[in-house]
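Please look over the sequence and the structure below before reading on.

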Amino acid sequence: MIRRSSLLSAPVRTAALMLVLALVSTGCHRGAKGDNPEEGQPVETIYDKSHGLMQKGNWSGAEATFRRLIAQYPYGPYTEQAMIETAYAQYKAGKHDDAVSSIDRFIRTYPTHRNIAYMYYLRGLANSNRNTVFLRRVWSLDPSRRDLSTPRQAYADFNIVVERYPNSRYAADARSRMLELRDVFAQHELDNALYYLRREAYVSAAGRANYLLDTYPQSAFQYDAVAALGEAYTHLGNKTLADDARRVLELNQPEHPWLQGNWPKYPWMIRKLNPFAGEKSASTGQRNATMNRR
């Protein structure tokens, strides 16, 4: 019995094989082009598309398109702007670690770029918000209760803008954000003082309060620090220093609740069941009152 495959001549089999290879090659080519829909398009066209996505709030789509622009056109003014826009899109999308990485890469590559002040400012914004989005939304953590390494880096970034580029359009806002961050750092020190007060470690509490006053003068928590000193010195039996703290408060913030014996008020103990929260700051309510007067 003769097999059907043997009826095909060698030239026919060769032609069929070449046809199959051609179809496979065409399919692979189409798939590759589908992965990069901007392939072969002018740089201006790709940039306009990316910018349009940003205007619509499509941060992920804009970032991906800007990245394809940079890969296809690694040099030139459009590429430089695309790198800036990529970092901004990442920041707006909440991808703060990625934004900081993109900014660092830009600063290393273009240290004298005309928009370098903006990049330090944007890095400050990103560092201010790193590692906080989930914790703030889910557990409502006060920023002073978390690790302060990235806020301190943000402070340094804003300080670069203020000192190196004082005439830039970002200097005024950077200075304002530095003041806000100083209040976060000051509250962190106050939280430490309150921690020691609650545990009757009054010498340590006085030390943290004095450190706050020396390091962050005129912060939103300066009079809370004075109240902490008064509370610590009262328990230590140092009437002279306790009376000094009372006089300072009576002159500068006579409505402070410590003067009526109503401060500090510690949070509800059940909060300790929250593994992320630690102790909520007893200074939170007073901070709101202080900030409203600024």
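## The chain as a whole

Among contacts in the protein chain between residues at least 6 apart in sequence, 59% join residues at least 24 apart; contact means heavy atoms within 4.5 Å. The model is predicted, with local features needing pLDDT of at least 70 and side-chain atom pairs counting only at pLDDT 80 or more, while totals for chains, interfaces and linings use all residues. Residues are numbered from 1 along each chain as its sequence is written, and side-chain values use heavy atoms, with hydrogens and water left out.

The protein chain has 13 helices and zero strands. Helices (H or I, at least four residues) and strands (E, at least two) are DSSP runs, numbered from the N terminus. Of the 294 residues in the protein chain, 40% are buried. Buried means under 20% relative accessible area, exposed over 50%, and partly exposed in between, with a 1.4 Å probe and protein chains only.

## Helix H8

Helix H8 covers residues 149-164. Its 16 residues should span 22 Å at 1.5 Å a residue, and its end C-alpha atoms are 22 Å apart, which agrees. The expected span of a helix is 1.5 Å times one less than its number of residues.

The buried residues of H8 are Thr150, Pro151, Ala154, Asp157, Phe158, Ile160, Val161 and Val162. These buried residues pack against helix H6 (116-129) and H9.

Two packed helices are described by the angle between their axes and the distance between the axes. Axes are lines fitted to C-alpha atoms, for helices over the stretch in contact, and angles run from 0 to 180 degrees between N-to-C directions. Angles under 35 degrees count as roughly parallel, over 145 as roughly antiparallel, 65 to 115 as roughly perpendicular and the rest as oblique. A crossing is left-handed if the near helix is turned anticlockwise from the far one by less than a right angle, and right-handed if clockwise. For residue classes, Ala, Val, Leu, Ile, Met, Phe, Trp, Tyr, Cys and Pro count as nonpolar, Asp, Glu, Lys and Arg as charged, and the others, Gly among them, as polar.

H6 and H9 pack at an angle of about 25°, with their axes 11 Å apart. H6 is therefore roughly parallel to H9, and the crossing of H6 and H9 is left-handed. On the H6 side the contact is made by Tyr121, Leu125 and Ser128, and on the H9 side by Asp173, Ala174, Arg177 and Leu181. By class, the contact of H6 with H9 has four nonpolar, one polar and two charged residues.

The axes of H9 and helix H10 come within 7 Å and cross at roughly 165°. H9 is therefore roughly antiparallel to H10, and their crossing is left-handed. The residues in contact include Leu190, Ala193 and Leu197 of H9 and Tyr202, Ala205 and Leu212 of H10. By class, the contact of H9 with H10 has ten nonpolar, three polar and three charged residues.

Helix H9 (residues 171-198) also packs with helix H11 (residues 222-236), at an angle of about 20° and with axes 10 Å apart. H9 and H11 are therefore roughly parallel to each other, and H9 passes H11 in a left-handed crossing. Here Leu190, Ala193 and Leu197 in H9 meet Asp224, Ala225, Ala228, Glu231 and Ala232 in H11. By class, the contact of H9 with H11 has six nonpolar, no polar and two charged residues.

## Tyr73 in its loop

Tyr73 is in the loop between helix H3 (59-72) and helix H4 (77-92). With 25% relative accessibility, Tyr73 counts as partly exposed. Tyr73 and Val43 are 30 residues apart in sequence and 7.1 Å apart in space, C-alpha to C-alpha. Leaving aside neighbours within four places in sequence, Tyr73 is in contact with Gln41, Pro42, Val43, Ile46 and Thr79.

## Backbone exceptions

Most residues other than glycine have a negative phi, and most peptide bonds are trans. Glu200, in the loop between H9 and H10, has a positive phi of about 65° although it is not a glycine. Glu200 is exposed, with a relative accessible area of 58%. Gln218, in the loop between H10 and H11, also has a positive phi of about 65°. Gln218 is exposed, with a relative accessible area of 65%.

A cis peptide bond joins Trp263 and Pro264, with omega about -5°. Pro264 lies in the loop between helix H12 (239-252) and helix H13 (284-292).
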